[in-house]
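Subject: Structure for you to look at

Hello,

Here is the structure I said I would pass on. Please open it first; my notes follow below.

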Amino acid sequence: MSGGNAHQYGQLGRANRLVRPVPDARLADRAANGLWEASPNLSAKQVLATRQRRTVLRGFSCLGIAGVVWPASVLLGLCLCGSALFVMSLALRLFLAHTHKERRSQPRLTGQEDSLLPVYTLLIALKDEAMCAQQLAAAIRALDYPMSKLDVKLLVEAGDTSTQDALEGEVWPAGTELVVVPPGVPQTKPRALNYGLARARGEFIVVYDAEDQPHPLQLRAAVGAFAEGGGRLACVQAPLVGDEAGQGWLSGQWALEYAVQFGAILPAMARLGLPIMLGGTSNHFRRRVLRDAGGWDAWNVTEDADLGLRLARMGLNVGTIQPPTLEMPPQTLGVWVAQRSRWLKGFMQTWLVMMRDPVCAWRELGWVRFGAVQLTLGASILAALIHGPWALWCLACLILPQMQLGAFSGAVCVVSIIGGVLISFRGGRAARMGLLVSLVCYWPLQTLAAWRAVYGLVCSPHFWAKTPHVSRVTTKK
């Protein structure tokens, strides 16, 4: 750390009083409904448009009638279509993992003096995160960026007094704002982020979660990437790394999944110019472009994926940078299922929004990128729904002699297993061999979350299933 930064940190002890802006109810309403009012066709506030609802009803009616008249043919057709989509999706992921070129260079820096660096806004949405306050404050202080250029917004819900009190007890950069989000619906992370975006001063904006530990050089690397990427580079995604140290099998699988997605798949997609469904944290944006895009959709529970696709439809690019952010994996199956069901529910919302006018989306994206969305976003939803039943069917065929898997089904099963292991090995080179071998036991768990997501999409589409976070600082005490 430079002498200048050391002096900054020495001053923090006298600059830890948080600024509390007066809550603004009208601003909160715009944060919730701004995108819906400006472009209702791009918001998930309405789950199904009228035309979509009619199409779904007619489709299921025709499928039901055909299933009664030609049950075997309908079942065979569905299996063939599903298998074809799954194999094409697997082939795309294999291609991306194989073509990914790992960069071993140092993180890109701007080469500018600290005084020339732009103001950077940090938006951190917090709900029931009192335990993470100390760790979060330490992570912000560890950033290698001029403290005077940090515009930190701690976004807390109005009734969450325990988190507010915990944040007040920590040391923050001067001018850090404790932004209390007024009561309202939906009570979601993207609504809080939009509320903070309206107060942002920075040329660039990054989103962090309470438990995040970003690399100290991450902000500098993002500024350098934006300088090199030109005006059409709207966002850069930092890799999210699961901290599986001392954790169990489920946490290890989660960390391996992140290693594949953020270490190989997303960088390859960014290099090829394909649409990227952003991760929920460590996204760095140009503030001007983010506001032009309408911010986040407060009614979509995976606002990150939705925004990434919206940026692609605007003809803008998303890149990746190297300095990572360390995250804590879910510790129990219940927490994992709740988190994954929210992700899948949001994926469904995002896909349905795009398919309200597929011809328009196809024209905006082009046929290659439109197809890539179907093979990533669409196929991930389908795979999650059928992994469990497919695994049970294969297991039954292996155990019961009177049941036969069939040559085609057996080939799809073998290709899926080999392909999944190869992708995981390519993306997560340091993965334990036991995790690779047991991948087939991890995939069916997706079905538990997927059908819970379907239920949630019907009954409570905008409910945000909060993932509890554990502080590493607290854990080590």
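**Strands around E8**

In strand E8, Arg 286 is the bridge partner of Phe 204. The model is a predicted one, in which local features need pLDDT of at least 70, side-chain atom pairs count only at pLDDT 80 or more, and totals for chains, interfaces and linings use all residues. Residues are numbered from 1 along each chain as its sequence is written, and side-chain values use heavy atoms, with hydrogens and water left out.

Strand E4 (residues 204-208) pairs with E8 in the antiparallel sense over three bridges. Two strands count as paired if DSSP finds at least two bridges between them. Helices (H or I, at least four residues) and strands (E, at least two) are DSSP runs, numbered from the N terminus. Strand E6 (residues 233-237) is also antiparallel to E8 and joined to it by three bridges; there, Cys 235 stands opposite Phe 285.

E8 covers residues 283-286; Asn 283 and Phe 285 point one way, His 284 and Arg 286 the other way, and all are buried. Buried means under 20% relative accessible area, exposed over 50%, and partly exposed in between (1.4 Å probe, protein chains only).

**An open sheet**

Three strands form an open sheet with mixed pairing, in the order E5-E10-E7. Its edge strands, E5 (213-214) and E7 (240-242), each pair on one side only. E5 and E10 (residues 325-327) run antiparallel and are joined by two bridges, with Pro 214 opposite Thr 325. Helix H9 (residues 249-272) packs on the sheet, touching E7 and E10, and its direction makes about 155° with that of E7. Axes are lines fitted to C-alpha atoms, for helices over the stretch in contact, and angles run from 0 to 180 degrees between N-to-C directions.

**Helix H12**

Gln 349 is in helix H12. Gln 349 counts as buried because its relative accessibility is 3%. Leaving aside residues up to four places away in sequence, Gln 349 touches Ala 44, Trp 299, Asn 300, Val 301, Leu 457, Pro 461 and His 462. Contact means heavy atoms within 4.5 Å.

**A lining**

By class, the lining of the second largest cavity has four nonpolar, one polar and three charged residues. Ala, Val, Leu, Ile, Met, Phe, Trp, Tyr, Cys and Pro count as nonpolar, Asp, Glu, Lys and Arg as charged, and the others, Gly among them, as polar. A cavity is a set of points on a 1 Å grid over the protein atoms alone where a 1.4 Å probe fits but cannot get out; lining residues have an atom within 4 Å of a point. H11 gives the most to this lining, with four residues.

Regards
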